[in-house]
Amino acid sequence: MSHENPNNNMENMENRKNIAEKLFPNVTLTPEEIEKKYPPRELPEGAMVTRIAPSPTGFMHIGGLYAALISERLAHQSKGVFYLRIEDTDKKREVEGSSVLIPKSLEHYDIKIDEGENSAGVESGQYGPYKQSDRVEIYKTYVKSLVEKGLAYPCFDTPEELEEMRKIQEEQGVRTGYYKHWAKWRGKTDQEVLQALEEGKPFIVRFKSEGDFENKIKIEDVLIGEKELSENDQDIVILKSDDLPTYHMAHIIDDHLMGTTHVIRGNEWLSSLPLHLQLFEKMGWIPPKYGHIFPIQKMEGSSKRKLSKRKDPEANVAFYDEQGYPEDAVVEYMLNLANSNFEDWRKTNPDKDNNEFPLTLEKLASSNGPLFDFVKLNDVSKEIIARYSASEVYKRVLDWAKKYDQGFANLIEDNPEYTERILNIERGNDGKARKDIAKWSDVKKEIEFFFDQSFLLTRDEVLTLLPGTNVDDIKSIIDSYTKTYNEGDTKEEWFAKIKEIAKTNGYAENTKDYKKNPEKFKGNVADIAKIFRVLLTGRVQTPDLYSIVHAMGIERVSKRLSVI
RNA sequence: GGCUCUAUCGUCUAAUGGUUAGGACACGGCCUUUUCAAGGCUGUAAUCGGGGUUCAACUCCCCGUAGAGUCACCA
């Protein structure tokens with residue numbers, strides 16, 4: 001390790017080359033050759049190149065979708081590129097077949113990737129391959145050159161030795177890790193390394209950090225702002241014993257080669273940012289801008305915690321599809337979390353596609369670990385569904401039911417016109433539509449009673465729903481109704497007749513009269529309506545009765561009225 | 001535990017040293033009304049605590065407290 005003698009330096013360089021060659025006998029490429037294949041992107045000024053880079057370890061996490069949505073909007077609004085890169089360098093945690101879930105989810109939410117492998121398995125883009133396991137030659141080439149330059153070194157510690165070291169560090173109360181004098185193989189002579197290699201010991205490659213933990217460096221995060229963090233002094237692993245790189249190394253190389261300008265990722269990465277910046281510097285590359293977003297959290301008892309893959313079904317994006325939330329609802333809810341001015345924008349632009357909303361990093365910066373709020377999601381969703389036409393709702397519900405409730409799917413598919421008529425009740429584009437459907441799984445319980453197949457009401461049940469009402473009165477009321485009913489009546493005409501029926505049967509015509517002199521009446525007109533409501537629907541709370549009567553049709557109405 | 005980040009109504013947040021601290025969701029009331037929704041009007045509700053700096057602090061600084069993240073041959 002002499003720096004004084006130039007001959008020694010020359011000798012060291014030779015030795016390192018020798019070591020690198022022995023480490024990677026099959027690597028024949030050079031960094032320069034690789035760089036040539038990844039020319040700078042030709043994009044307009046200010047265009048952002050962003051990516052979503054998940055590891056295929058199971059289902060897609062809602063936080064991943066959130067980061068993807070933000071990244072995609074930023075890229076496309078700046079006429080840039082958004083791409084998907086699969087980071088499958090952890091073979092132990094990889095879940096077979098889960099990588100396809102990612103493009104599937106993105107496509108489902110209409111988050112368009114410009115490059116990467118889509119759900120059909122077709123890869124597009126000139127900066128690939130977009131799956132890290134297909135890029136091992138690239139990583140090894142760079143790692144090899146790092147070893148040649150003396151910026152990385154092989155390490156032959158066994159896991160047991162590392163465990164032992166860690167224990168000692170914990171006992172001594174010092175920082176754990178592979179750094180300074182703890183970095184045993186960093187100080188070994190070339191001869192010792194060569195010998196270990198000779199013996200065929202398995203190795204990993206570590207980055208040789210020249211950082212000092214006591215040194216604070218200023219880092220610039222596009223979301224959090226300028227912060228001070230300690231310099232990295234850990235000789236982190238960059239190449240594992242299975243020949244695959246670690247995340248740190250792989251993402252540095254990929255983001256550089258693929259021309260990424262902005263990395264939007266979870267803030268669990270913030271503490272390793274000094275390391276990443278250091279790696280970029282040592283590679284001689286300009287780092288992208290980093291933005292760390294806080295995780296979406298939920299309340300558990302009285303404390304907040306990150307949405308957990310294991311405990312929380314809502315952490316899985318598939319959950320929202322199962323529940324039947326329209327994609328737009330999930331997207332708009334997330335846009336609202338990302339930029340709180342989204343709501344105002346939506347209010348002033350009710351008909352615009354949410355893609356037109358200008359998402360900004362500035363507004364995103366203030367989002368600090370929001371709590372997932374189902375009530376709010378439901379509200380957003382209700383507003384969106386209220387704007388759908390009956391036929392759109394029908395189509396969406398049917399699609400959903402075919403996947404998650406086949407029985408219900410059959411029911412409404414057998415009665416398309418009837419179902420649409422039902423769904424059209426109190427639905428209009430005047431902004432005053434019913435807002436009682438938040439998700440497709442709500443629809444069944446809302447409209448079930450319309451269908452004879454799922455409607456069974458006995459006389460006794462009717463009477464328990466109408467306590468204190470005389471059976472003869474009910475009969476008489478129904479009788480007057482059937483006699484005066486006219487299919488062509490308007491809502492006003494129809495209700496005038498109900499009032500008339502109330503009057504002739506000793507009920508108050510309107511609530512005001514009834515409230516003035518309750519003792520003079522058997523009840524009021526609301527009670528009359530209630531009788532029909534119960535007989536027709538089996539419940540005491542329903543949408544507008546006139547609409548129900550007309551949606552059901554004369555035959556069904558008569559049949560239901562005849563139960564008594 | 002070390003290091004780091006964060007802190008405004010119950011929730012999501014607005015207010016880049018000067019506002020009666022604003023909005024949305026939720027909750028309550030009233031109006032409308034054949035029930036329920038929807039709609040209109042309206043109300044309750046917040047700057048974590050303590051010190052500074054300043055004429056003036058939600059805003060800047062320090063110390064607490066709380067929450068979160070991270071400390072792997074995982075990403």
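## Labels and the values behind them

Modeller: Gladly, and let me start with aspartate 243, which is partly exposed, with 14 other C-beta atoms within 10 Å. Please keep in mind that this is a predicted model.

Biologist: Why is aspartate 243 called partly exposed?

Modeller: A residue is buried at 20 or more such neighbours and exposed at 12 or fewer. Aspartate 243 has 14, so it falls in between. Its place is in the loop between strand 9 (237-239) and helix 8 (247-257).

Biologist: What makes the backbone of aspartate 243 worth a remark?

Modeller: Its phi is positive, about 75 degrees, although aspartate 243 is not a glycine. Most residues other than glycine have a negative phi.

Biologist: Which phi does lysine 180 have, and how do you know whether lysine 180 is buried, exposed or partly exposed?

Modeller: Lysine 180 also is not a glycine, and it has a positive phi of about 45 degrees. The count for lysine 180 is 16 other C-beta atoms within 10 Å, and since 16 lies between the limits of 12 and 20, the residue is partly exposed. You will find lysine 180 in the loop between helix 6 and helix 7 (190-198).

Biologist: Why is proline 56 called buried?

Modeller: Proline 56 has 21 other C-beta atoms within 10 Å; the label needs 20 or more, so proline 56 is buried. It lies in the loop between strand 1 (49-52) and helix 3 (62-77). Leaving aside neighbours within four places in sequence, its contacts are Ile86, Asp88, Glu94, Val95, Ser98, Ser99 and Ile102.

Biologist: Which residues of helix 9 (residues 273-283) are buried, and what covers them?

Modeller: The buried ones are Leu273, Pro274, Leu275, His276, Leu277, Gln278 and Leu279. Their cover includes strand 6 (204-207), strand 7 (216-221), strand 8, helix 8 and strand 11 (289-293). Just after helix 9, glycine 284 takes a positive phi of about 80 degrees.

Biologist: What makes the peptide bond between glycine 128 and proline 129 cis?

Modeller: Its omega is about 0 degrees, and the bond is cis. Most peptide bonds are trans. Proline 129 lies in the loop between strand 4 (123-124) and helix 5 (136-148).

Biologist: How do helix 15 and helix 16 cross?

Modeller: The axes of helix 15 (residues 390-404) and helix 16 (residues 406-414) come within 6 Å and cross at roughly 140 degrees. The crossing is left-handed. Val397, Leu398, Ala401 and Lys402 in helix 15 meet Gln406, Phe408, Ala409, Ile412 and Glu413 in helix 16. By class, this contact has six nonpolar, one polar and two charged residues.

Biologist: Which domains does chain A have, and how many residues join domain 1 to domain 2 by contact?

Modeller: The domain assignment gives domain 1 (6-30 + 137-293), domain 2 (299-386), domain 3 (389-441) and domain 4 (455-564). Four residues of domain 1 are in contact with four residues of domain 2. On the domain 1 side, three are nonpolar, one is polar and none is charged. The centres of domain 1 and domain 2, taken over C-alpha atoms, are 38 Å apart.

Biologist: Which residues come nearest to RNA strand B?

Modeller: Of the 65 residues around RNA strand B, those are Asp90, Ser241, Glu268, Ser340 and Ser366. The residues of this surface divide into 22 nonpolar, 22 polar and 21 charged.

Methods: Residues numbered from 1 in each chain as written. Chains lettered and ligands numbered in written order. Predicted model: local features only at pLDDT ≥ 70, side-chain atom pairs only at ≥ 80, totals over all residues. Domains from an automatic or database assignment. Contact = placed C-beta atoms within 7 Å. Nonpolar A, V, L, I, M, F, W, Y, C, P; charged D, E, K, R; others polar. Helix = DSSP H or I, 4+ residues; strand = E, 2+ residues; numbered from the N terminus. Near = placed C-beta within 6 Å. Axes fitted to C-alpha atoms, helices over the stretch in contact; angles between N-to-C directions. Left-handed = near helix turned anticlockwise from the far one by under 90°.
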